[in-house]
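Subject: Handing over the structure

Hi,

Here is the structure I promised to pass on to you. Please open it alongside this message, and then read on for what I found.

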Amino acid sequence: MSAMPETERNLTRVVEPGVTAPAVTAHVSDLVLERRTPLWWWVGFGLSFGLFVLFLVAVGWLFIRGIGIWGIDWPIAWGFAIGNYVWWVGMASGGTLISALFFLTRSEWRSATSRIAETMTVFCVACAGIMPVIHLGRWWYFYWLFPYPNTMVLWPQFRSPLHWDFVAILVYVAGSLLFWYVGLLPDFATLRDRARRRWQRVLYGLLALGWQGSSQHWRQFRMLYGLFAALMAPLVCSIHSIVGLDFAGGLTPGWHETQFPPYFVFGAALSGFAVVLMLVIPLRRALELTGVITQRHIDVLARLMLTASLLLSYCYLIEIFMPFYRGEEREITVAMSLLGGYYAPWYWAKIVLNSIVPQILWVRSVRLNRPLLFLVALGVVIGMWIERYVIVVGSLHRNHSESSWFVFIPTVWDWATLAGSVGLFLTGFFLALRFIPMVSMFELRELLRKKQTEGGR
Amino acid sequence: MSVQRGTGHSLRGRMAAFDDPDAMLDALRRLRRAGFSRLEVYSPYAVEGVDELLDRRPRALPLIVVAAGLLGAVGGFFLQYWGMVLSYPLNIGGRPLNSWPAFGPSTFELAALAILLAGFLAFCKFCRLPRLYDPIFDAPGFELASQDRFLIWIAEREGRDDGELLQRLLPEGEGVRIDEVPA
Amino acid sequence: MPGVFSPTANILTKLVLYTLLAGLVTLVGGAWFFPNTTYATRVGIVQPQPVPFSHEHHVGGLGLDCRYCHTSVEVSANAGLPPTHTCMTCHSQIWTNAELLAPVRQSLATGTPIRWNRVNALPDYVFFNHSIHVAKGVACTTCHGPVDSMPLTWKGASLRMSWCLDCHRDPAPNLRPKEAVFDTDWKRTATTPSGEQLMARYHIHPETLSDCSVCHR
Amino acid sequence: MTAREELGREELARHIEDRLTGKSGRALWRSLDELSREPSVLEMLRAEFPGLPDLADARVGRRRLLELMGASFALAGLSGCGPGEASETAIPYVTMPAGLVPGVARHFATAVTRGGYADGVLAIHQMGRPVQLEGNPDHPASLGALDPIVQASILDLYDPDRSRTVLKAGRTASTNGMVKALVDRLPALAALGGGGLRLLTGTVTSPTLARQIGALKQRFPAMQWHRWEADGRDMVRAGAVLAYGRPVDTVLHLDRAKVILAVESDFLDSAPGHLRYARDFARRRRAAEDGQPEEMSRLYAVESSPTLAGARADHRFAVRPDEVEAVVRALAAELGAGPAEWRQGAPGWLAAAARDLSANIGAALVHAGPAQPPAVHALVHAINDAVGAPGQTVSRIEPVEADPVDHAQSVGGLVADMAAGKVDTLLILDANPVFTAPADLDFAGALGKVPLSVHLGAAVDETAMLCTWHVPEAHELERWGDARAFDGTVTIQQPQVRPLWGGWSPQELLAVLDGETRPDGYAIVRQSWMELFQSKGNAEGLWAEALRMGVVPDSAAPPASVSLLPGLADRLPPAPAQPKGTLTALFRPDPWLRDGRYANLGWLQELPRPFTTLTWDNALLIAPATAQRLDLKNEDVVEVNTANGRLRAPVWLLPGHAPDCITLPFGFGRRIVGRVGRDVGFDAFRLRTLGNPWQLPGVELRKTGESLRLAATQHHQMIDSPDVVRHATLDEFRRDPGFAKCKEPEQSLYPDYEYPRNAWGMAINLNACIGCNACTAACQGENNIAVVGKEEVLRNRQMHWIRIDTWYEGKAEAPDQTLFQPMTCMHCENAPCEVVCPVAATMHDADGLNVMVYNRCVGTRFCSNNCPYKVRRFNYFNYSGDDNRLSMSWNPDVSVRARGVMEKCTYCIQRIRNARIIADRENRPIRDGEVKTACQQACPAEAIVFGDLNDPDSAVSRRKASPLDYGVLSELNTRPRTTYEARLRNPNPEIGEV
């Protein structure tokens with residue numbers, strides 16, 4: 001199916017004409033089962049793995065020496081790690097929103113991109129989940145956050161927003177994995193049945209758990225998938241709300257904001273759509289999926305990004321407006337320092353990248369210009385990291401206690417951990433590219449059937 | 001071939017394969033009308049209408065999931081209540097022991113966790129998964145059911161030879177092929 | 001094309017799943033029960049000592065008061081271990097040539113302390129105080145067990161935080177009149193004040209006793 | 001000794017160090033014991049201390065050490081191993097030392113000297129060893145308080161870098177050899193009548209040492225005794241001589257002073273008796289809230305380099321050094337103590353201040369700091385006489401220093417003789433002249449011409465390396481001795497512990513010159529006093545009582561009756577003038593390192609300097625306006641060019657510094673020093689000369705374009721929001737006594753917790769606080785707070801639980817006010833930190849304390865982020881473990897925190913718990929004042945009061961009843977248990993705001 005047809009300028013078709021279900025099945029499974037590993041994969045994987053090794057080194061040194069190797073100080077006791085965490089978990093939302101939310105809305109464009117998005121989610125969540133653990137002063141006691149009976153008769157402190165967060169990320173990890181895996185079952189069965197090599201048949205046979213595709217299976221499957229989708233959509237909102245509460249639950253000026261839960265949900269959505277876009281744009285070419293991931297998909301993602309950007313911009317506005325509206329002196333101090341203080345360059349960078357640049361997506365030709373779109377999405381992903389950095393650090397550096405005011409200066413280990421976590425994500429994602437069908441084949445069959453019947457009418 | 005590859009139930013019967021879901025649905029309808037009741041459909045995706053024709057309605061899963069959610073919420077709240085009020089009451093920042101609003105987020109999350117786990121387990125249970133071997137996998141052409149073929153399995157009816165009837169109901173050449181399912 | 005797996009795969013699957021489940025249950029159960037085993041708590045396990053000192057003989061038999069050796073128990077956090085000198089007050093008179101006591105004599109002669117192996121120990125971050133317990137009617141044997149019948153000393157209780165808390169939350173059953181705290185033979189009689197009465201008499205307020213700062217600082 | 005032996009010893013030394021240092025908790029005491037029985041170690045001890053009387057004695061020493069350590073093992077016997085471990089041993093005493101109860105702290109009185117003057121201390125012993133120093137309430141100079149330097153002397157005692165062995169020409173040698181070298185010299189010296197025998201000491205107040213030297217002088221009439229105290233009081237002495245013809249000491253009575261004028265005065269910083277002065281001063285400043293506003297004193301300050309007194313002044317005038325004398329002359333003239341022409345060019349406020357002084361005859365005083373020239377001191381005496389101060393607000397006493405001489409002349413003479421080859425044998429007792437002596441003398445060069453020089457010092461320093469012999473000095477807490485306080489009161493110093501590394505006292509070393517080869521310090525000191533005591537009857541009883549009390553009764557110096565010599569105006573040296581267009585360099589001691597002798601004490605290195613909050617560095621201090629003129633900013637490295645040479649120094653802008661001058665703090669830049677003090681700061685002594693010890697005109701600065709990062713602990717000092725630190729003038733207070741109160745949220749969604757037993761709280765009085773940092777240092781010692789080092793302070797990771805926030809109000813160039821505010825955990829009842837901890841490592845206890853359980857902490861640091869006061873500190877690294885201080889120097893009552901754990905002020909929970917247990921044992925409530933926090937204990941100004949808020953009569957409740965009481969950030973509804981009393985100023989209405 002290398003010659004998947006493509007019509008560059010058509011923004012309405014979710015499937016290009018001429019694409020058939022068997023062809024999709026064959027192409028997608030051959031990518032995993034038959035294709036020789038392409039050079040770009042090796043290059044990409046090699047680079048990713050290099051970064052991953054950097055991550056291991058950074059974390060290893062962290063474990064040996066302590067979190068003092070980072071630039072965190074007093075009063076800025078949280079730095080990159082928490083910013084990274086929020087960033088990763090925010091990007092993870094992209095997969096869940098596309099898979100779950102747009103499943104509920106029965107959006108056609110969802111089918112072809114859901115797998116890429118969900119896979120991204122799983123590895124983003126992994127990166128996110130690691131951050132709060134390694135950021136602990138005594139990470140080896142992280143299990144104290146579990147409520148388990150112990151000889152000390154002690155329990156976690158359930159009132160802490162951090163504990164909510166701990167529970168939420170745990171549930172989100174479980175949810176993302178299950179949602180992803182359940183959705184993969186029929187495709188694993190396809191791979192099992194198409195595979196010719198024994199190890200592939202065994203591997204995918206095991207992964208498929210004995211999926212038969214019987215009407216009984218499909219009935220339960222649809223029920224479960226629908227339920228999961230209905231659950232994951234609020235769950236993804238809840239986790240970002242709770243992440244927002246991590247900050248809003250505190251007294252620190254700049255954090256103590258009632259709007260943080262939706263603020264963080266919007267931010268998560270923006271970065272999530274952006275990173276999906278960043279993955280989809282090159283992958284549809286690299287994996288020759290142009291027939292099923294069409295200009296329509298890209299257009300939809302771009303529009304979503306624009307929507308999320310507008311929502312978030314509103315929050316940005318409120319963030320600055322509220323301190324002055326309330327007249328709270330210390331909140332004003334933080335706001336002023338964002339606008340013109342030490343972190344102002346970062347603040348304005350985030351405004352430009354997250355609020356201003358995405359406005360070019362109003363223009364149709366921009367949405368058609370995939371390289372430009374990629375850059376905008378990249379800008380958003382970077383901008384969203386900056387946003388979290390500014391939230392974490394910018395507020396703490398202008399806290400209630402003026403005598404403690406200080407700045408945060410990241411160390412090489414901060415950057416190494418950040419870069420390394422990107423490596424961790426990419427390494428996982430590249431491996432997934434090689435072993436997991438990147439398009440949900442059964443959903444496309446359904447979609448194609450639907451298109452067929454529609455076309456027939 | 002009369003040797004079963006070791007599961008309890010017999011799958012002796014016939015397998016009708018279709019290239020097209022509509023043909024399959026059509027055939028299914030005919031089979032039902034002809035009085036066949038032990039039927040199963042294997043398809044590469046969920047085909048609308050099959051469940052109605054086979055007269056199956058999923059009810060248990062939602063009930064289980066709702067029950068699990070309630071249980072998770074109640075259990076989750078109680079866990080927090082137990083830890084903060086009953087087991088080791090501590091004055092945390094002057095907040096009341098039963099800070100129920102603060103227990104809310106975790107209660108929701110734990111309910112969600114219960115739904116996720118219970119849903120998945122119930123799904124496995126109802127689908128009898130994991131079940132790496134099933135005699136149906138040995139049915140000729142079964143591997144296409146996960147790709148682009150739509151199969152109807154028609155159980156052999158006790159003491160009746162339906163071969164001819166089936167030939168009539170599902171004429172070949174309409175994209176139908178009928179295979180014997182041994183064992 | 002026949003299926004990938006043979007029927008045994010299903011049995012194997014079940015086997016693996018049930019093994020995992022059983023392993024999990026064992027692990028959780030083990031983690032639950034292990035801390036309460038004597039292996040973990042060392043309760044009742046005799047520690048070898050350089051001199052086989054018998055509390056049974058000295059306390060149960062000869063009737064020595066605990067405070068004869070553990071002199072600071074009423075005034076200090078530490079009960080105090082007897083200096084060699086204390087041993088020699090008697091053993092310069094009796095059993096002067098006993099082989100068993102050679103290390104004691106040697107200690108006095110060379111000025112080298114006897115190195116006892118510790119029986120009751122707490123982590124560094126726990127600050128326990130003997131004097132207050134003794135003053136409030138918690139007897140030696142309440143925590144250290146029937147010392148008067150220990151030929152060689154063993155640990156009388158787990159000294160776990162949960163064990164501490166049991167009493168700190170509900171001290172009444174473990175209290176006795178403080179005149180009797182050093183009495184290893186003491187038995188509750190009809191005239192003994194109840195635990196609740198003793199709590200009132202000694203101003204014991206359990207609601208303050210499970211504060212973290214009672215033991216950790 | 002062969003190279004191999006040397007190597008072996010080094011390895012052993014490292015081995016010992018590995019075993020002893022870096023250990024925390026109780027494990028480390030055990031190591032000491034284990035070590036003491038290792039043959040190799042014993043062997044080394046013998047080799048290290050060949051001077052010990054004999055090997056048997058060495059064993060006695062070991063046994064004694066063991067005895068002292070043994071108590072700690074007794075404690076370990078009751079606690080220790082966790083489940084499943086049984087490897088630990090419990091080690092009792094062989095013979096229990098009399099009076100020792102393992103686990104119960106004991107207090108012993110003694111004194112620690114600073115610049116020769118004694119501060120009475122109580123050494124608190126835990127398990128047979130001193131772990132902390134507190135002020136001796138019975139001692140007139142301390143009254144129970146202590147300054148950071150004296151507190152840090154406990155760290156000095158346990159400093160692993162202390163000198164441990166006799167050195168000959170810088171190489172390990174035997175004590176016997178040293179004694180023999182000296183004794184062998186005696187006949188030759190005696191033959192010359194002591195000619196060529198010289199003694200060099202710092203300021204000596206020890207009666208015993210004075211007696212010994214007196215006796216030596218009789219044996220060796222030609223012997224000479226030289227003095228050099230780099231941070232000394234030559235100017236004060238010269239001023240007295242100028243005024244009265246002979247040296248007398250002046251004692252201040254600030255409790256009787258209504259109007260005070262301080263001329264760059266050190267009466268709150270470091271003057272002998274400053275702790276007492278601070279208390280007297282603070283009591284007067286707190287008068288308003290006690291309902292006697294008219295009793296509140298008024299303080300004027302005239303100074304070039306900021307002092308604590310200046311910061312507390314109601315009117316502070318930053319003037320150039322050359323103007324200081326002019327101001328004092330004008331003041332003298334205004335008060336009739338000088339010719340009228342001195343009034344010319346006097347600033348406008350002066351007349352008003354003079355009127356204020358003269359309106360308070362008998363209740364006014366003027367005081368000048370030790371860096372002011374003799375003329376200023378003489379004029380101050382004259383002014384004090386004019387305002388009726390003598391007998392009222394100041395008293396003159398016979399000098400406390402033994403045989404007072406001019407140190408500069410004294411050391412100058414010595415060096416001249418040394419260079420001329422007239423010195424044959426030189427004993428340097430507890431001084432480091434190679435580092436501290438005026439740079440133009442070239443002490444080091446002259447020292448090379450002395451055939452036999454013996455240096456007694458606690459550490460191997462610059463002098464030790466250049467002397468023929470170096471003898472390790474026993475720490476003041478390890479030896480017998482005596483010393484006098486600012487008012488002459490004598491304390492007999494008793495050893496708190498056997499010398500850890502051997503070591504000699506100065507008295508013992510001097511006795512060698514008497515031919516004693518094994519001098520006994522105890523006998524020497526006792527001899528000095530038994531004679532006196534015998535004359536008063538029951539000598540043994542008096543001796544014991546003097547030791548117990550920590551003071552010798554009635555030993556204060558007698559009053560000196562002196563009167564002003566006529567013609568002072570004519571005798572004054574001409575007033576200095578500042579060359580136009582150049583700067584004047586002011587040499588001032590670093591407030592903590594003084595003349596550099598404390599450079600190896602991590603506590604002091606890391607203790608923020610008042611005003612600058614700098615740690616681990618000295619800096620060239622300069623007024624912001626002057627810096628702007630010279631285009632300098634913080635951390636620029638400049639080259640300081642003077643007639644005496646040049647040096648490079650980083651710049652720090654200091655608001656309130658006088659223009660056109662710079663302050664160069666000395667005491668830094670030590671070259672031969674322990675691990676802590678190495679490579680810290682620049683050495684300002686290199687520019688200090690005999691003729692210009694305190695100020696040097698004609699200095700030029702040149703930018704180098706380089707910069708050096710300086711580790712300050714407070715980066716924002718200008719008050720932006722007036723809420724945190726509140727203040728008003730006395731008049732404003734009279735009009736609106738409740739000005740400091742703010743509306744606090746009263747409604748709460750939650751029901752209140754009740755604290756029926758005790759409700760601990762603290763009140764910090766900003767009117768009393770003088771910003772001296774004694775609380776910070778005391779807390780550091782009490783609570784085992786780690787030293788983190790410059791790199792970590794640069795990252796703002798200092799660990800102090802209580803910090804002194806320093807605020808400037810007004811313009812940075814000339815702040816209207818400097819305010820100090822000690823900040824520590826407020827123990828909020830609605831603590832924001834507790835709610836956010838996911839593992840309940842911090843919570844409230846039944847007494848309302850905000851408790852931190854270190855062993856539960858996982859290190860999320862959310863509590864710190866959520867603390868509006870930012871008083872929580874985090875162990876980013878294993879600071880305690882990385883500290884090389886001796887393990888036995890930690891306070892065993894407080895957990896030593898590991899890496900990754902949050903910590904903060906606990907209101908000294910260990911003291912509360914201890915008091916609670918004692919009170920509970922006795923079935924009584926804890927009495928008011930029974931628990932004193934370490935910061936409260938150390939505070940000389942009684943600014944900090946701690947106690948039970950449930951008791952309406954407690955000191956803290958009474959303080960909090962003050963209308964000045966307010967809670968910081970209480971609008972956040974945190975309900976802080978620590979509150980503050982707002983600061984009042986008492987400005988002279990005749991003087992407009994400057």
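Predicted model: local features only at pLDDT ≥ 70, side-chain atom pairs only at ≥ 80, totals over all residues.

**Where chains A and B meet**

Chain A puts 51 residues into the contact, and chain B puts in 52 residues. On the side of chain A that touches chain B, four helices each supply at least two residues: H1 (21-33), H5 (161-194), H7 (215-248) and H15 (441-456). H7(A) gives the largest share of that side, with 16 residues. Sorted by class, the side of chain A that touches chain B holds 28 nonpolar, 15 polar and eight charged residues.

**The nonpolar cores**

Which residues touch the most other members of the largest nonpolar core? In this core of 523 residues, they are A:Val276, A:Leu277, A:Met305, B:Leu151, B:Ile152, D:Ile383 and D:Leu620. H7(A) turns up again here, giving the most to this core with 18 residues.

Setting aside neighbours within four places in sequence, A:Val276 is in contact with A:Gly94, A:Ile98, A:Thr113, A:Ile116, A:Ala117, A:Met120 and A:Leu301. There is also a second, separate core of eleven residues, and C:Cys66, C:Ala79, C:Cys140 and C:Leu175 are among them.

**A helix of chain A with buried residues**

Helix H11 of chain A covers residues 344-356, and its buried residues include A:Tyr347, A:Lys350, A:Ile351, A:Leu353, A:Asn354 and A:Ser355. What do the buried residues of H11(A) pack against? Their partners are four helices of chain A: H8 (260-286), H9 (295-326), H10 (329-340) and H13 (370-396).

**Chains B and C: domains and annotated spans**

Chain B is split into domain 1 (13-58 + 134-181) and domain 2 (60-127). Taken over C-alpha atoms, the centres of domain 1 of chain B and domain 2 of chain B are separated by 44 Å. In an unreviewed entry, UniProt lists residues 60-82 and 102-123 of chain B as "transmembrane region". In the model, residues 60-82 of chain B are 100% helix and 0% strand, with end C-alpha atoms 32 Å apart. Residues 102-123 of chain B are likewise 100% helix and 0% strand, and there the end C-alpha atoms lie 33 Å apart.

UniProt, in an unreviewed entry, lists residues 15-34 of chain C under "transmembrane region". That span of chain C is 95% helix and 0% strand in the model, and its end C-alpha atoms are 26 Å apart.

**Strands of chain D**

Chain D has several strand pairings to look at. Let's begin with a hairpin. S3(D), residues 117-126, and S4(D), residues 129-135, run antiparallel and are joined by six bridges, with D:Ile124 opposite D:Gln132 in S4(D). Two residues lie between the strands of this hairpin, and D:Met127 takes a positive phi near 55 degrees there. Is S4(D) mostly covered or mostly uncovered? S4(D) is mostly covered, with seven of its seven residues buried.

Further along, S16(D), residues 452-457, pairs with two strands. S15(D), residues 425-429, and S16(D) are parallel over five bridges, and D:Thr425 stands opposite D:Leu452 in S16(D). S16(D) also pairs in the parallel sense with S17(D), residues 469-472, over four bridges; here D:His455 has D:His470 in S17(D) as its bridge partner. S16(D) is mostly covered too, as five of its six residues are buried.

S37(D) and S38(D), residues 978-981, pair in the antiparallel sense over two bridges, and D:Tyr966 stands opposite D:Tyr980 in S38(D).

Enjoy exploring!

Best wishes

Key. Residues numbered from 1 in each chain as written. Chains lettered and ligands numbered in written order. Domains from an automatic or database assignment. Buried ≥ 20, exposed ≤ 12 C-beta atoms within 10 Å, placed from the backbone. Pairing = 2+ DSSP bridges. Contact = placed C-beta atoms within 7 Å. Nonpolar A, V, L, I, M, F, W, Y, C, P; charged D, E, K, R; others polar. UniProt positions renumbered as here; feature names shortened; annotations may be inferred. Core = buried A, V, L, I, M, F, W, Y, C linked by C-beta atoms within 7 Å.
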